[in-house]
Amino acid sequence: MTTANTPANAHNLPDPMEEIDEGAISIASPRQLMWWKFRKHRIAVISVIVLIGMYLLALFAGFVSPYDPNTFNASYKYVPPMAITFLDGEGNFTGRPGVNGLIQERDPETLRITYQTDYTQWYPIHFFVEGEPYKLFGFFNTNVHLFGLGEEANGMPFFWLGSDRLGRDMFSRITYGSQVSLSIGLVSVFLSLALGIVLGGISGYYGGWVDNVIQRVIEFIRSIPSLPLWMALSAALPPELSQEARYFGITIILSVIGWTSLGRQVRGRFLALRTEDFVLSARLSGASDWRIIVRHMVPSFTSHIIASLTLSIPGIILAETSLSFLGLGLRQPAISWGVLLQEAQNIRTVALSPWLLLPGLAVVLAVLAFNFLGDGLRDAADPFSR
Amino acid sequence: MFQFIVRRILIALVTIFAISIMSFVIIQLPPGDFLTSYVASLASQGDSVSEQVVQAMRENYGLDQPIYVQYLKWIGGVVQGDFGRSLEWGVPVADLIWDRLAMSLMVGLSSVLFVWSLAIPIGVYSATNQYSLIDYISTFLGFLGLAIPNFMLALVLMWIAFSAFGQDVGGLFSPEFQDAPWSFEKFINLLSHLWIPMIVVGTAGTAGLIRTMRANMLDEINQPYVETARAKGLSERRNIWKYPVRVALNPFISTVGYALPSLIGGEIIVAVVLNLPTIGPILLRGLLSQDMFLAGAIVLLLSVLTVLGTLLSDILLALLDPRIRME
């Protein structure tokens with residue numbers, strides 16, 4: 001009886017097929033129609049580009065980030081983000097990007113070290129510089145980074161998004177964190193999908209008491225408030241687990257709840273399709289159950305499933321962030337956006353170093369993009385409507 | 001109708017039974033029983049307990065008995081309002097949670113009011129003025145509200161309040177009212193602190209409900225009965241609020257019961273950030289320190305609240321919408 005929150009299709013243009021002429025529509029394949037309709041949802045198209053960008057960053061994290069995420073620098077703690085400027089120390093336009101130097105000052109009252117920009121100093125940013133060694137994709141040893149400062153900076157690090165309490169580079173940490181935060185959504189969604197399709201499919205195709213049992217289980221799981229349940233289950237993970245085991249533990253915990261809504265949808269589709277004429281005619285032609293399911297029923301709702309999969313990723317990203325933020329999810333030294341946000345728990349720290357909230361901005365961006373993409377996909381999944 | 005209610009109540013009872021088993025499992029999940037951790041915590045403070053005492057306590061708490069007997073003992077206590085003892089705090093769990101649950105209800109209730117008073121008018125306006133500027137803005141803000149993690153919003157609001165007014169806006173009371181008896185001033189003081197958690201807890205819900213309300217209104221607004229009313233010469237404003245809005249409100253009814261428990265669930269993490277005297281922080285501490293009777297009791301209570309809320313919603317909805325009863 002729950003009415004799902006439906007971020008409706010507000011970005012649908014009033015006339016979805018305006019430019020494509022009638023003749024082309026009548027002979028186009030469903031896939032073609034979906035693409036035409038998806039393309040109309042401009043924010044969804046932008047979201048795809050944003051997401052591809054973010055996943056590329058995650059994939060090439062070692063190359064893109066100038067430092068190792070765990071390299072600390074005791075003399076550069078809480079450095080504010082550095083502005084990139086094209087003007088050198090004398091104020092001349094140089095035509096290449098660079099950063100100004102830093103002056104350390106100690107506040108005489110609080111004894112806190114603060115950093116001021118030294119506009120008389122200017123160090124150019126070098127591209128494809130050699131720096132700390134890392135393993136690209138976990139295999140190739142290399143030490144070439146996309147950008148960094150050269151020798152002339154006298155060891156001053158380049159923190160264009162600032163540094164944290166140990167003088168670690170925020171940008172490097174956010175990019176490395178995205179590997180966990182962005183992948184956990186995908187992995188967990190595929191786990192939920194597997195569970196949802198198998199159990200929802202059995203439930204919908206066979207019906208009867210199997211259906212009843214599975215539906216009661218789904219109702220039971222959904223009747224428990226999800227955040228407390230997630231918290232309780234992740235608190236029960238043994239503390240001595242390795243980073244990887246913990247990652248998979250959290251993934252499984254998130255899917256335990258995630259599969260229920262997918263399972264419901266799959267079941268609903270199966271129930272609706274079971275009585276369709278094309279299923280009946282397949283059966284009359286002697287097709288086996290398996291063939292009917294795989295060849296006839298599943299293809300007719302894959303697009304819907306893909307849309308709802310996309311729409312369930314944001315929830316998982318948010319859940320992982322929240323759990324890690326509370327200290328129940330992933331833990332240091334693992335890096336995820338939620339783990340990074342733990343540093344921002346103290347409001348006094350945030351007030352002095354607001355850039356510690358930047359990982360949260362990454363979360364918001366990823367979640368927004370997935371929501372818009374899902375929205376566009378859902379509209380496109382029904383190319384014949386309207 | 002009677003049959004429908006009886007069936008719903010039976011389902012709810014079965015679910016509550018299943019939930020109690022699950023909460024018990026959660027209590028049992030950490031390795032060792034709670035005496036092992038109790039002895040360990042005593043040992044860390046330099047105290048030690050003799051083997052006999054431990055054995056006696058073990059018998060006393062029934063920890064040497066089979067698991068189902070332990071469950072029966074526990075649930076028997078719960079039914080009488082005894083949730084066991086909190087190890088970390090050294091007091092009965094029941095003493096810890098009721099006050100805090102009341103505070104949670106209070107924050108939750110004000111958020112519900114906030115959500116509805118915002119979501120209904122905006123949803124109606126967005127639907128009647130589709131593709132207008134306000135529709136786009138509310139859609140955008142709605143998506144943003146769904147995308148920002150609650151605790152992040154809490155942090156940002158606190159940060160703004162801290163840097164603009166230089167004051168720490170955490171908690172529900174100023175220090176001088178913390179332990180003061182209830183008075184009118186204390187109530188005013190509470191209101192002045194309540195708005196941040198209210199907004200933070202409410203945002204995601206508001207965003208979702210605006211979308212639902214808008215979609216439902218769009219479905220209703222083109223129905224022939226609306227056209228008929230218009231043709232009869234009813235003013236547009238009266239027409240909208242008298243007919244389609246009332247139909248579109250159904251999903252609100254279907255969430256009225258568990259809106260509160262689900263907001264309390266969502267409030268947990270906000271309460272940790274804002275340092276509110278609600279159940280969120282003690283649930284987190286209970287889980288982190290494996291104070292399992294405390295954590296189990298809270299999970300149990302929240303789940304039971306949700307089930308009861310859902311039951312209430314189902315019955316209300318069936319009363320209002322005959323189509324539901326027929327299923």
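Colleague: Over how many bridges do strand S3 and strand S4 of chain A pair?

Modeller: This is a predicted model, in which local features need pLDDT of at least 70, side-chain atom pairs count only at pLDDT 80 or more, and totals for chains, interfaces and linings use all residues. Residues are numbered from 1 along each chain as its sequence is written, while chains are lettered from A and ligands numbered from 1 in the order of writing. Strands are DSSP runs of E with at least two residues, and helices are runs of H or I with at least four, numbered from the N terminus; two strands pair if DSSP finds at least two bridges between them. S3 (residues 113-136) and S4 of chain A meet this in the antiparallel sense, over eight bridges.

Colleague: Which are the edge strands of the open sheet in chain A?

Modeller: The four strands follow the order S1-S2-S3-S4, with antiparallel pairing. An edge strand pairs on one side only, and this applies to S1 (84-87) and S4 (140-149) of chain A.

Colleague: Which element gives the most to the side of chain B that touches chain A?

Modeller: Residues are in contact if their C-beta atoms, placed from the backbone, lie within 7 Å. The contact takes 40 residues from chain A and 51 residues from chain B. Ten residues on the side of chain B come from the element that gives the most, H14(B).

Colleague: Which residues of H6(A) are buried?

Modeller: A residue is buried if 20 or more other C-beta atoms lie within 10 Å of its own. What covers the buried residues of H6(A) includes H5 and H8 of chain A together with H1 and H14 of chain B. The buried residues are A:Ile214, A:Ile218 and A:Ser223.

Terms used:
Buried ≥ 20, exposed ≤ 12 C-beta atoms within 10 Å, placed from the backbone. Contact = placed C-beta atoms within 7 Å.
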